[in-house]
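My entries follow in the order in which I made them.

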Amino acid sequence: MSENSEKILYLILKKLEEQEELLFLTVSTLTTKKAVANLLGKTDRMIDYYIQNGTFQDGVHYFINEKGKKEFIPSGILDYKRNKNRKKEEKKLETEKKIYHPSVQNIIQGLKVG
């Protein structure tokens, strides 16, 4: 490997380490309701609603700490956000399917060239 390639790989490694540190700082602050609300673009009250209706589950998205307060689990919150976005994408695909009245459907099926 050339000296130039080694320098480039070293710079890439340093940038990745910086990004990892920033990510850790961001994720570690996801333990409060306010931080979770900001990440999801919701209000504190909506986060409370998610807990009440079971959207956020004890032991998955949050837990009760030794002081009796809810503390959020960063990995669970990030998984929720990823899955929520995936469901939106799937919903968009489902809405693209066209549903016709049965009489129109019969006409369309008769027009198919095959």
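**Entry 1: Asn65**

I looked up Asn65 and found it buried, at 16% relative accessible area. Buried means under 20% relative accessible area, exposed over 50% and partly exposed in between, with a 1.4 Å probe and protein chains only. The model is predicted: local features need pLDDT of at least 70, side-chain atom pairs count only at pLDDT 80 or more, and totals for chains, interfaces and linings use all residues. Residues are numbered from 1 along each chain as its sequence is written, and side-chain values use heavy atoms, with hydrogens and water left out.

I placed Asn65 in the loop between β1 (62–64) and β2 (70–72). Helices (H or I, at least four residues) and strands (E, at least two) are DSSP runs, numbered from the N terminus. What does the side chain of Asn65 make a polar contact with? I found the side chain of Glu71, at 3.3 Å. A polar contact is a pair of N or O atoms within 3.5 Å; within protein, one must be able to donate a hydrogen and the other to accept it, and residues adjacent in sequence count only if both atoms are side-chain atoms.

**Entry 2: His61**

I then went to the loop between α3 and β1, where His61 lies. His61 counts as buried because its relative accessibility is 8%. Leaving out residues up to four places away in sequence, I listed Thr55, Phe56, Phe72, Ile73, Gly76, Ile77 and Tyr80 as the residues that His61 touches. Contact means heavy atoms within 4.5 Å.

In helix α2 (residues 33–40) I noted Ala35, Val36, Ala37 and Leu40 as the buried residues. Just after α2, Gly41 has a positive phi of about 70 degrees.

I checked how α2 packs with helix α3 (residues 44–53): the angle is about 100 degrees and the axes are 9 Å apart. Axes are lines fitted to C-alpha atoms, for helices over the stretch in contact, and angles run from 0 to 180 degrees between N-to-C directions. The two helices, α2 and α3, are therefore roughly perpendicular to each other, a label for angles of 65 to 115 degrees. From α2, the contact takes in Lys33, Lys34, Val36, Ala37 and Leu40; from α3, Asp44, Ile47 and Asp48.

**Entry 3: the chain**

Last, I noted the chain totals. I read five helices and two strands, in the order α-α-α-β-β-α-α along the sequence. Of the 114 residues in the chain, 16% are buried.

Methods. Angles under 35 degrees count as roughly parallel, over 145 as roughly antiparallel, 65 to 115 as roughly perpendicular and the rest as oblique.
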